[in-house]
Amino acid sequence: MGKARRQLPKAPTGIQGLDEITGGGLPKGRPTLICGSAGCGKTLLAMEFLVRGATEFNEPGVFMAFEETAKDLTQNVASLGFDLKNLIARKKLVLDFVYIERSEIEETGEYDLEGLFIRLGHAIDSIGAKRVVLDTIESLFSGLPNPLILRAELRRLFRWLKTKGVTAIITGERGEGTLTRQGLEEYVSDCVIVLDHRANEQVSSRRLRVVKYRGSTHGTNEYPFLIDENGISVLPVTSLGLQQIASTGRIPSGIPRLDAMLGGAGYYRGSSVLISGTAGTGKSSLAVHFAQAACLRGERTLYFAFEESPSQIMRNMRSIGIDLQPWVRKSLLQFQANRPTFAGLEMHLTMMHKAINAFKPQVVIVDPLNSFVIGGNETEVKAMLMRLVDFLKMNQITGLFTNLTSGGSALEQTDIAISSLIDTWLLLRDIEIGGERNRGLYILKSRGMAHSNQIREFLLTDHGVELRDVYIGPSGVLTGSARLAQEAQEQAAQTIHEQEVEQRKLELERKRRVIEMQISAMRAEFEAQEAETLNILGQEQAREEHLTQERVDMALSRKADLKPNHHRRGSK
Amino acid sequence: MKVKPTKPKSDPILLRLYVAGQTPKSMTAFANLKNICEEHLAGRYQIEVVDLLKNPKLARGDQILAIPTLVRKLPKPVRKIIGDLSDTERVLIGLDLLPRE
């Protein structure tokens, strides 16, 4: 924001995520107050600030501990991979444990904290420190008498730290109604960060919030953070703006007919897909199809399973003809199975982030979402999912989530009310007809594409999911055996019809043959008559000729004239 | 105010006063200390003044925060008294020369 404007100089903490929230780090050369209840990670955060400063930014640091001895501190942070002894030996770090024991101190009049100033000043100068941590300076109040003097001296201390030009972290224990017990926030007003560690439904989560940052913009939300073997990581997952790039690329769902329903091409790449439905409607099967399709394209899929173990999923999917084992072996498919109760939401989110960053998948499946809903934490689950969806979108990862809707509630209602975050929403539902239960699938919404509005029957076969057209009957859609009966009925009607047509054709042919036979018989009869007639005529002619000859012969014998006889015969 | 009679006269008391430069508070403390010692510990005390501005390292070694701080190095255990030592009774209590209430 406002990069053109001069930003307040900042000292990067090097802590994952914190620099993003604070827009670059803590205010350079000024004190920052970090407060929170016991065990919330103040000391670790402060220590990481120093260690990162020393190792990554070449800024040596002084850690002044009022509560833990140098030995304890060194041991405690060794588990985070911080080697304090080495840093001290290299003059990158000074650890100074301030020992105060009230019972050993008698106050006999006015005093000041010049000793502390000299001590700190000496430590800073001895290594040229740029960073200072005072953890927890409020211990002075329990260790030294006369709070009035202490307050005045603390005010002077923070002013003095500013003049020294060191970036300081002052930690403080959270008080009742105030950020710190002794109201340190009155003195340290440049930057205040509150850490929180609370348990909800037996699941604890750590959070961080920048309450105040003078002269700088900052993320104001509560951000979950995690302490693990690599130190602290804060998740600034809610991006401050909605600026993800929307891909126009499409990826198939793994089920050709579903792709056809989704405008012919499947989901958008980088979109979020929700499959919701009641128990046993085949949500996971649909998800696995998608995973398999991704693996077939050579893309990586990360499958977060929160209800079934990987081997259980693989066994079950083999029954519908999908073998996931080869993809797991080829490292195209990775399962991350955890019980939702295993950790807090933030922890889950953080672990998911880490897994995604490590595996770099193109497809992420979360199965199912609603197992996170324990008790009344819907708002938190929603916030978490929003962060997850944002994160996936920013990385152009297609996310597919399943959600179990409970029997009684409306199908369109997800327990976690995340529908507004979802781009494509498939609804699987039971259709109860004729004493049986069948599965139906339809697309509730799919942003940015012309999608089918028809319900399809959803079948789980031994070679995967199949979608079938459903029959629309007078009592609604027909599925299952009702559909089969309907199909059989139509088949029968069709057969009868076809048979009738065939019958008519045969009849016609028969008639034709009969007529043709009649025709040929008549012709034969005619021909016979004709032949007979011709024969008779021939005989007659022959006889006549014979008679004529006889007459001629007779005339010849009688010496008569021939001619008139011949003429008479010709005129006949 | 009476010095405890049970304390043997031979016991040496080693005192160290930490100051930071010649501030009025330091001067007052030193003057007060001198008076108290002369009055209650005549002949068996020894005062050493440490200026932390000249020897800043010692602040860490002796766990000094407040100025002025009077440390009773001997006899053991070590006692710390902070402030300008204007409250004589508390100084004596701090030095175990008066019983704690």
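The model is a predicted one. Strand 18 spans residues 363-367 of chain A, and five of its five residues are buried. In a regular strand, side chains alternate between the two faces of the sheet.

Strand 18 of chain A has parallel partners. Strand 16 of chain A (residues 301-305) runs parallel to strand 18 of chain A and is joined to it by five bridges. Here A:Leu302 stands opposite A:Val364. Strand 19 of chain A (residues 398-404) pairs with strand 18 of chain A in the parallel sense, over four bridges. In that pairing, A:Ile365 has A:Leu400 as its bridge partner.

As for chain A as a whole, it has 15 helices and 25 strands. Of its 572 residues, 41% count as buried. Among contacts in chain A with a separation of 6 or more, 70% are between residues 24 or more positions apart.

The mean pLDDT of chain A is 83, and 90% of its residues reach 70 or more. Where pLDDT is low, the predicted coordinates should not be read in detail.

The other topic is the contact between the chains. On the chain B side, 29 residues are in contact with 21 residues of chain A. Helix 2 (57-61), strand 4 (79-82) and helix 3 (88-94) of chain B each give two or more residues to this side. By class, the chain B side has 16 nonpolar, five polar and eight charged residues.

A sheet also includes strands of both chains: five strands form an open, mixed sheet in the order 6(A)-4(B)-3(B)-1(B)-2(B). Its edge strands are strand 6 of chain A and strand 2 (45-51) of chain B, each pairing on one side only. On average, neighbouring strands of this sheet are turned by 20 degrees against each other, direction ignored.

| Strands | Bridges | One bridge pair |
|---|---|---|
| Strand 6 (residues 105-107) of chain A and strand 4 of chain B | three bridges | A:Glu107 and B:Ile82 |
| Strand 1 (residues 13-19) of chain B and strand 2 of chain B | seven bridges | B:Val19 and B:Asp51 |

Terms used. Residues numbered from 1 in each chain as written. Chains lettered and ligands numbered in written order. Predicted model: local features only at pLDDT ≥ 70, side-chain atom pairs only at ≥ 80, totals over all residues. Buried ≥ 20, exposed ≤ 12 C-beta atoms within 10 Å, placed from the backbone. Contact = placed C-beta atoms within 7 Å. Nonpolar A, V, L, I, M, F, W, Y, C, P; charged D, E, K, R; others polar. Pairing = 2+ DSSP bridges. Axes fitted to C-alpha atoms, helices over the stretch in contact; angles between N-to-C directions. pLDDT = per-residue confidence, 0-100.
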